[in-house]
Amino acid sequence: INSGSKKVVRDPEKFRPSEDNRIQMQNLVESMRQAAKKDWECNLKKEPAINTSKLLDTAVAELSKKLFYKYYLDDTEILEALRDWIHPLPDGSLPALKIRTELYRIIAKFGLHEYEMASLNEYFQRSEERSKD
């Protein structure tokens, strides 16, 4: 995803993504959620869960773009997608260390404040409890 304009805006507060950028951001998040879902299904079938690994480099490259952080957090379901990627698989195994390491780094870069991290942890716990029901 690129900013689509010739004028370079480096201040995330002044940057506004184009409609094409927003669509690409939504598509990336949806691809991430689908990869996690496929890995979940593969794990249930005792098959290798490699879909998130295949998408990891693309996801990291796109999610590392500081100008887009605010819009990923405000306009997409990125936190749900990240949760899906770092959540243990049905057999109890954790996702690959590389996936967890990269995503924890991305989450830290998003600049969530401590109180937001606490509410994020609560959100993930509630989501896990709902998924068990």
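Arg33, Glu77, Arg83 and Asp84 are linked in a network of salt bridges, a salt bridge being a side-chain nitrogen of Lys or Arg within 4 Å of a carboxyl oxygen of Asp or Glu. Before we go further, please keep in mind that this is a predicted model, in which local features need pLDDT of at least 70 and side-chain atom pairs count only at pLDDT 80 or more, while totals for chains, interfaces and linings use all residues. Residues are numbered from 1 along each chain as its sequence is written, and side-chain values use heavy atoms, with hydrogens and water left out.

Let us start with Arg33. Its salt bridge with Glu77 brings the closest N and O atoms to 2.8 Å. Arg33 sits in helix H1 and Glu77 in the loop between helix H3 (69-75) and helix H4 (78-86), so this pair ties together parts that are 44 residues apart in sequence. Helices here are DSSP runs (H or I, at least four residues), numbered from the N terminus. Arg33 also forms a salt bridge with Asp84, where the closest N and O atoms are 2.9 Å apart. This pair, too, links distant parts of the chain, with Arg33 in helix H1 and Asp84 in helix H4, 51 residues apart.

How open are these partners? Arg33 is partly exposed at a relative accessible area of 22%, Glu77 is partly exposed at 42%, and Asp84 is partly exposed at 24%. On this scale, buried means under 20% relative accessible area, exposed over 50%, and partly exposed in between (1.4 Å probe, protein chains only).

Glu102 is partly exposed at 22% relative accessibility, and Arg105 is partly exposed at 32%.

Helix H5 (residues 97-109) also contains Leu103, which is buried at 0% relative accessibility. Setting aside residues up to four places away in sequence, Leu103 touches Leu82, Trp85 and Ile86, where contact means heavy atoms within 4.5 Å. Leu103 and Trp85 are 18 residues apart in sequence, and their C-alpha atoms are 8.2 Å apart in space.

Finally, return to helix H1 (residues 19-44), where Asn21 lies. At 2% relative accessibility, Asn21 is buried. Its side chain makes a polar contact of 3.0 Å with the side chain of Ser18; a polar contact is a pair of N or O atoms within 3.5 Å, and within protein one must be able to donate a hydrogen and the other to accept it, with residues adjacent in sequence counting only if both atoms are side-chain atoms.

Note on methods. Helices (H or I, at least four residues) and strands (E, at least two) are DSSP runs, numbered from the N terminus.
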